[in-house]
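Dear colleague,

Please find below the sequence and the structure that I am handing over to you. My notes on what was found follow after them.

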Amino acid sequence: MEEASGCTENRKKPQFGTRYLNEPEKVFQHNAWDDVEWNEELKQSAEEKLKLNSQTLVPTEDQEKYENEANQFWDKFYNIHENRFFKDRHWLFTEFPDLCISSNTNCDEDNSQNNIGVDSNNKAKERVNIFEVGCGVGNTVFPILETNAGSNVFVYCCDFSETAVSLVKNNSLFDPNYCHAFVCDISSDVWNVPFEESSLDFIILVFVLSAIHPEKMQSTINRLAKYLKPGGEILFRDYGKYDMVELRFKPGRCLSEHFYVRGDGTRVYFFSEEEVHNLFTTAGLVQTQLYSSKRLQVNRGKQLKMYRIWIQAKYMRPLCKS
């Protein structure tokens, strides 16, 4: 198996900049701070909150309902909010400059090593296939298509909400020449996808794996890995353990450890780095990036501190086996 240590990116690249809280007494001078480390007091407080939440679990019959009718809860969500809830993820290209395929794209950093499908003269070669899992209403799809306009990028995208996929197709920016949207439950045992195994350059998993039951995560990643080309990567970003969102859940919303149901019936899981690493390496992929992005957001008016934690990672299908 080819080693990927030469291109490992464990350094932290916060999307919002490098504003560090070096003087704690000045915490309320700005709205947010980057790379904030947790002390033992914060960790203990978070653990106590999680312990309290987990003492009262959602009844088994309700848990089965949330699992069996998951697509219906997301359909209801999108029927209510349509395309107004989530903002387009233009930050995606700061976090994953790999997605800047077009030679006309201006990224935040030199991405020459990641310009798949572009030769030394910036001329397109073969098509770059991107698959976004859990596309919602296209907040990742359309920024990718706009950023790489005129290039050889083709985006496949799926969601298990028929309403979400319909909203993508009805968007004025949707072009079937560059995008194919379809309904698919990636946690199911049977897939019907419009591409072959070993055909994808990138798979995007951004705030989607957390919506799947933890018992189905490994089989999902195993199957996704088979569709990557050798050298292709899964780009992952999702909620981290102790994130503000997790700590805000009330008792009675916990399904299992770090797994919760929101008031609208949609579910969310909170990961550790170790869990993420085990999921992808068990699927035969090689780590090229893995870190926790920790950010302190501040409400200066109410003098509130809100700690956000995300896990970001990239895992590659090896070019060859030993």
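**Confidence of the model**

This is a predicted model, and its protein chain has a mean pLDDT of 82, with 75% of the residues at 70 or more. Confidence is lowest in strand β1 (residues 32–34), where the mean is 62, and highest in helix α9 (residues 273–282), where the mean is 98. Two stretches call for caution. For residues 108–124 the pLDDT stays under 50, and the model has 26 contacts there beyond four places in sequence. Where pLDDT is low, the predicted coordinates should not be read in detail.

**Salt bridges**

A search of the whole structure finds eight salt bridges. One of them joins the side chains of E40 and K43, at 3.9 Å from N to O. Both residues belong to helix α1 (residues 40–54) and are three residues apart, about one turn of the helix. E40 counts as exposed because its relative accessibility is 59%, whereas K43, at 33%, is partly exposed.

Another salt bridge is formed by E95 and R237, also with 3.9 Å from N to O. E95 is in helix α4 (residues 92–95) and R237 in strand β6 (residues 228–239), so this pair ties together parts that are 142 residues apart in sequence. Both E95 and R237 are buried.

Strand β6 also holds K229, whose partner E126 lies in the loop between α4 and β2 (128–133), 103 residues away. The side chains of K229 and E126 meet in a salt bridge of 3.1 Å, N to O.

**Aromatic rings**

The count of aromatic pairs comes to 17. In one of them, Y260 and F270 are arranged edge-to-face, with 5.9 Å from centre to centre and 75 degrees between the planes. Y260 is in strand β8 (residues 259–261) and F270 in the loop between β9 (267–269) and α9, 10 residues apart. Y260 has a relative accessible area of 2% and is therefore buried; F270 is buried as well, at 0%. The rings of Y269 and F271 have centres 4.9 Å apart and planes at 70 degrees, so this pair is also edge-to-face. Both Y269 and F271 are buried.

Ring pairs also link F131, F154, Y156, F182, W191, F195 and Y227 into a cluster. The charged end of R127 sits over the ring of F154, 4.2 Å from the centre of that ring.

**A buried asparagine**

N148 lies in the loop between α5 (141–147) and β3 (153–159). With a relative accessibility of 3%, N148 counts as buried.

**Residues with a positive phi**

Most residues other than glycine have a negative phi. S198, however, has a positive phi near 60 degrees. S198 is in the loop between β4 (179–183) and β5 (200–206) and is partly exposed, at 33% relative accessibility. F207 has a positive phi of about 50 degrees and lies in the loop between β5 and α7 (214–226).

Yours sincerely

Key
Residues numbered from 1 in each chain as written. Predicted model: local features only at pLDDT ≥ 70, side-chain atom pairs only at ≥ 80, totals over all residues. Heavy atoms only, no water. pLDDT = per-residue confidence, 0-100. Helix = DSSP H or I, 4+ residues; strand = E, 2+ residues; numbered from the N terminus. Contact = heavy atoms within 4.5 Å. Buried < 20%, exposed > 50% of the residue type's maximum accessible area, 1.4 Å probe, protein only. Phe/Tyr/Trp six-rings, centres within 6.5 Å; stacked < 30°, edge-to-face > 60°. Lys NZ or Arg CZ within 6 Å of the ring centre and 35° of its normal. Salt bridge = Lys/Arg side-chain N within 4 Å of Asp/Glu carboxyl O.
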